[in-house]
Amino acid sequence: MADAATLEAPETQPHHDGGDHGHDHHEHHPFHAHHFDSMDQQFEAGKLGIWLFLAQEVLFFSGLFAAYTVYRYHHPEVFVNAHTHLNVWLGTLNTIVLLASSLAIAWGVRAAMRNDRQTILFTHVFTLACAALFMGVKTVEYTHKWDEGINVAGFYTYDESAHGHGTPAHGAWHERMPAIIATTLGVGLLVSLVGVWMTSADRVVSGWTVGSIGLSILFIGLGIVVAKCVMPDARQLALMDAAHGGAHHAAHDDHGTDPHAAESHAETSATEPAAVESAATEPAATDAAAAEPAVATPPDPNFGPANFFSIYFIMTGVHAVHIIAGMIAITWIVARTAANHFSSDYYGPVEYVGLYWHLVDLVWIYLFPLMYLIH
Amino acid sequence: MISQSREHSLLEAIAADPSRKVTPPVGPSYLTNPPGTGFWQGVMSWVFTLDHKRIGVMYLCGIMFAFLLGGLQAGLVRFELWDGTPNLLGQTEQQAQDAYNQAFTLHGAIMTFLFIIPSIPAALGNIFLPMMLGAKDVAFPRMNLASFHLWCGGAMFFVATLLTTGLDTGWTFYTPYSTTTSTNVILATMGVFILGFSSIFTGLNFVVTVNTMRPKGMTWFKMPLFLWGIYSTAIIQVLATPVLAITLVLLLCERTMGIGIFDPARGGDPVLYQHFFWFYSHPAVYIMILPAMAIISEVIPVFCRKHIFGYSFIAYSSVAIALLGFLVWGHHMFTSTESKLAAVIFSALTFSVSIPSGIKVFNWLTTMYKGSIRLATPMCYALSFLFLFTIGGLTGLFLGALAVDVHLHDTYFVVAHFHYVMMGGTLIAFLAGVHYWWPKAFGVMYNELWARVACLLVFVGFNLTFFPQFILGTQGMPRRYAGYKDEFQFFHQLSTSGFVVLGLGLFLAAGVLIASLFNGRKAPANPWGAATLEWKCCSPPTHHNFIEQPWVGEPYVYDDFVFDPDEGGYVEVIPDLSRGAKPAKQPAEPTTV
């Protein structure tokens, strides 16, 4: 995966590759690359470039969305049941955080057009903090599931009958979490303070860079703390479990008569003769199955909640990688803003990173309902 | 076409007034460093160059190495098939079959991902696209360099695959075999993933460069057709390659973590993999052939001294092929439980691709009609292309027809078909392009006679290798088998003999070109009399291509070009301004979009 910085670099940094570039026309902007006729041309080229890059990103994600669509179409009941393991409140929190970050970065682009260096800095640092908060919350979501044995299909060890729904948090990651929180908060605070000190000591560029990194670490810690507070405790889980149990049975009753489910069986019958049999006996077996925990007996014996979580982890994981790439790019913008590179004459990189960040948000806007809000 | 009297009057005109000759000023070559450059400094000036021409030359060397590697694998395949029993690749049946699987897999994967896809766009396109635009460089020179470095990274992964346990999945990495085989699928797919980004970077760069850096006077429909072809290719590269990238990510995850997306044992669907894979890899076929067609569209008018026929049809047909190419991937799954309705639709769409392809072929033929055809080496290759691509294209229709495909699917007919398109099409056009632009890129003329002999050998060898495979296919010889029944032996031996001739031809062509670097006559600025901008700078060009901005004219009007014996090449004759004639052309000025 190309991080945005790789893309931005070519057109935005001055080239000093020797030789006379033959710029004999009008005064020369320090960030005007030699092969462009004008700053406008350079800006337009960069903008078209980033839009194409975003188109490429959309198609990169499209494969995942296609896989999601295919499997949800064929196994809707698995998706409905498995998604109840996801915490809607944490998903909502992350959605709000990302929307706020998008607002901030758009504000920052506007500030760049208006020569407002201070606002570029603050909006981008705010965006960075939001991104880090998002990652902190995601850390809690991921580790909580790993502790429960919920992972991609190959490492899926979750046993519904042993746990009951929504286990109270315990496990290796849960035990490590206080140490992780302490480390991130401590180190983050320390590095942030070093950044502030450096800025005040007239080392503005490195100060803002170090400060941004410190703030990111700090907010990852804060995100973990916030998520831990939102995560229901054991007593709430027990109450939710009772409520969810009923819902599961209802969902399971549905799928016996689900035409899609039957169709999918017919299609796969060539390779899996056993499936035909199970499809044929399904309606009769519904009552017996209803007595068992719902997710344990999906209609296709091979496709189950583990597959849903494979898709969940890959989609959100690839998205998280893009968040990290975005954080690196935003830090780069903060550093260059601190170095006073941007003005209303030259703010291309600010806009390009902003566009990239909007795309990353947009992907989450689709992921959130598809994962957390299924009915 | 230029009449002889016109040529005569132009020659008289420049004899009377030499100032009417347009001769580009000569500057230091982009290939050499200023005197006093140290050795390592020199190496670094190549490895980290931002000059699109040097990147193109490095790409050219890289892909030729890949072609050699893939060609050696092809040799292993062909010689193993000399008879139906294990011979070259192993003593026992099992050994021979395992080694054979690896040989054809690496042949396919290396040729596709390392050679054909980057061949024309990344090597020739990189060198000539900015020059055809009269530009100093591509829009993002650093990204261009990153693209080449990524290519090298991907190539290393492939070499590593080759040196470790090899790969035996076929170049398509079909699941579920690719998730269970003991060979090194992970290394190879990571290599392809990296190469994918190399390809995306090149494509993105070219789209932006063509969109934003055309000089004043060069409207879309005054662009050379090479640019139309490369532009269409670049759009496919940007839009199709990411789908392959994510597919390979899923495949890697499937293999390492068992995510159950493609693995039926875990509830996944292996046919979904085929859909994902071909959603990239069918458009990728057009990544391979569109630039080839683009080269032919340049070469044919120049060597017929005649304006290209049906310019806008050729231009639009490139775009049409690019768009239709996205809609036909399903024809690879006619026999993989595809629904009848889907199969019929995909079949119809497949046939529709033949319309723009046919438009191109007929326009090339019409361009040649009544042209003054010169059988220089590039033109010989272009003629070979016409012949071979037509066969390749037409046999594609056999495979697109549902009923026939059931019979021919996974036989040697398919092998012969795509070699006629990919090798008879793309490789031959690549050779046409290399010979056509060699004098410009390296500043030397090669030996015409031997280059043409090589062309003939390649043509004969190619047909001898692959035509028998059509027959084998229709007789039922399946592809990807190390052994066969005696009845197939004659055609297999014909094919292997053809491989030898083809190999000799290719080595001869390479030898002629390499020899020219040492003893070739110095090339004039415009040896063929072409009217596109890349010929309006010195050969080889300087670091920033044009010392003086060239005039943007009609790319296919040859009326003002005449062979000047003093220059050893063609010169452009400008109108006699002293007699009050108005300049027919405007000098290209910097422009903003």
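Colleague: What kind of element holds A:Gly188, and where does that element run in chain A?
Modeller: A:Gly188 sits in helix H7 of chain A, residues 172-200, where a helix is a DSSP run of H or I with at least four residues, numbered from the N terminus. This is a predicted model, in which local features need pLDDT of at least 70 and side-chain atom pairs count only at pLDDT 80 or more, while totals for chains, interfaces and linings use all residues. Residues are numbered from 1 along each chain as its sequence is written, chains are lettered from A and ligands numbered from 1 in the order in which they are written, and side-chain values use heavy atoms, with hydrogens and water left out.

Colleague: Why is A:Gly188 called buried?
Modeller: Buried means under 20% relative accessible area, exposed means over 50%, and partly exposed lies in between, for a 1.4 Å probe and protein chains only. A:Gly188 has a relative accessible area of 0%, and therefore it counts as buried.

Colleague: Which residues does A:Gly188 touch, leaving out those up to four places away in sequence?
Modeller: A contact means heavy atoms within 4.5 Å, and with that exclusion A:Gly188 touches A:Thr183, A:Gly214, A:Ile217 and A:Leu218. The C-alpha atoms of A:Gly188 and A:Ile217 are separated by 4.7 Å, although these residues are 29 apart along the chain.

Colleague: What makes a group of residues a nonpolar core?
Modeller: It must be a set of buried Ala, Val, Leu, Ile, Met, Phe, Trp, Tyr and Cys residues joined through side-chain atoms within 4.5 Å. The largest such core has 265 residues, and A:Met371, B:Phe113, B:Phe173, B:Trp364 and B:Phe385 touch the most other members. Helix H9 of chain B, residues 270-304, gives the largest share of this core, 22 residues. Among the residues that A:Met371 touches, beyond four places away in sequence, are A:Tyr68, A:Phe308 and A:Met315.

Colleague: How do you know that a space is a cavity?
Modeller: On a 1 Å grid over the protein atoms alone, a cavity is a set of points where a 1.4 Å probe fits but cannot get out, and lining residues have an atom within 4 Å of a point.

Colleague: Which residues lie nearest the centre of the largest cavity?
Modeller: Of its 17 lining residues, B:Phe113, B:Ile117, B:Pro118, B:Leu195 and B:Ser199 lie nearest the centre. Helix H7 of chain B gives the most to this lining, with 6 residues.

Technical notes. Helices (H or I, at least four residues) and strands (E, at least two) are DSSP runs, numbered from the N terminus. On a 1 Å grid over the protein atoms alone, a cavity is a set of points where a 1.4 Å probe fits but cannot get out, and a pocket is an open set with protein on both sides within 12 Å along at least five of seven lines; lining residues have an atom within 4 Å of a point.
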